[in-house]
Amino acid sequence: MPSVLLLSGSPSATSRTTALLHLVADRIRSDDTEVDLLEVRDLPPAALLSGDASDPAIAEAAALLQTADALVVGSPIYKASYTGLLKAFLDLLPQYALRGTSVLPLATGGTPAHVLAIDYALRPVLVSLGAEHVAQGWFVLDKAVTFAPDGPRLDEAVAAQLWPVVDGFTERVLRESAVLL
Ligand SMILES: Cc1cc2nc3c(=O)[nH]c(=O)nc-3n(C[C@H](O)[C@H](O)[C@H](O)COP(=O)(O)O)c2cc1C
């Protein structure tokens, strides 16, 4: 069964990015797919800041990422780029940690002015980590993600655009894992 890891690079405890990733996880999860969500903010800050890849929690997170068949990486746009928190974690990974992995990059941001940040900032890093395939990234405006008592909600018009992207990515992952069997 293919495994998909969703990685949130948001430092926020009430993160719209992580909320979006939970909705994406619900969309991907099925009897045929195993889904995990990892928040970089839950990893030990001292190890992240001192570049300590030998820290057990960092090593475990890196192993989870390396064994996943596919990765959905989500970050808020801060100062026109993905977060420093996400970069601190990516910097601790082995050189080709994403070899053989398909990646779907997602971002949330406050302004469409930075919609290209995925392509100019995040995509080159994913490629340098050896990602097998980096799908077309998707940018979601923060106001499209809201919090209801029963969980996060995604604006319907945005969902109508995003779900075909997520479904296409999932189909590709399932197809690739069938080929490898
Ligand atoms: C420190 C900081 C810097 C930000 N810089 C930008 C920016 O440069 N461009 C943008 O579109 N949004 C920017 N935003 C808005 C966030 O990207 C947006 O609200 C995002 O959805 C927050 O996600 P989060 O809840 O996961 O932190 C910034 C927000 C913060 C807190």
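How many residues surround the ligand, and which are the closest? There are 16 of them, and Ser15, Thr17, Ile77, Thr108 and Asp142 are the closest; a residue counts as near when one of its heavy atoms lies within 4 Å of the molecule. Before we go on, please keep in mind that this is a predicted model, where local features need pLDDT of at least 70, side-chain atom pairs count only at pLDDT 80 or more, and totals for chains, interfaces and linings use all residues. Residues are numbered from 1 along each chain as its sequence is written, and side-chain values use heavy atoms, with hydrogens and water left out.

Let's start with the polar contacts (pairs of N or O atoms within 3.5 Å). Ser15 places a polar side-chain atom 2.6 Å from an oxygen atom of the ligand, and Asp142 has a polar side-chain atom 2.7 Å from a ligand oxygen. Lys79 takes part through its backbone: a polar atom there is 3.0 Å from a nitrogen atom of the ligand. Taken alone, the ligand exposes 640 Å², and the protein buries 72% of that (Shrake-Rupley areas with a 1.4 Å probe).

Now for the shell around the ligand. Helix H1 (16-28) and strand S4 (102-109) each supply at least two of its residues; helices are DSSP runs of H or I with at least four residues, strands are E runs with at least two, and both are numbered from the N terminus. By class, the shell holds 4 nonpolar, 9 polar and 3 charged residues. Here Ala, Val, Leu, Ile, Met, Phe, Trp, Tyr, Cys and Pro are nonpolar, Asp, Glu, Lys and Arg are charged, and the others, Gly among them, are polar.

Next, look at the largest pocket, with about 240 Å³ of space. On a 1 Å grid over the protein atoms alone, a pocket is an open set of points with protein on both sides within 12 Å along at least five of seven lines, a cavity is a set where a 1.4 Å probe fits but cannot get out, and lining residues have an atom within 4 Å of a point. A volume is the space filled by probe spheres set on the points, which are joined across faces, edges and corners. Of the 15 residues lining the pocket, Val115, Trp138, Phe139, Val140 and Leu141 lie nearest its centre. Strand S6 gives the largest share of this lining, 4 residues.

Finally, there is 1 cavity of 30 Å³ or more. Its lining includes Ser75, Ile77 and Tyr82, and H5 gives the most, with 3 residues.

Technical notes. Polar contact = N/O pair within 3.5 Å; in protein donor to acceptor, adjacent residues only side chain to side chain.
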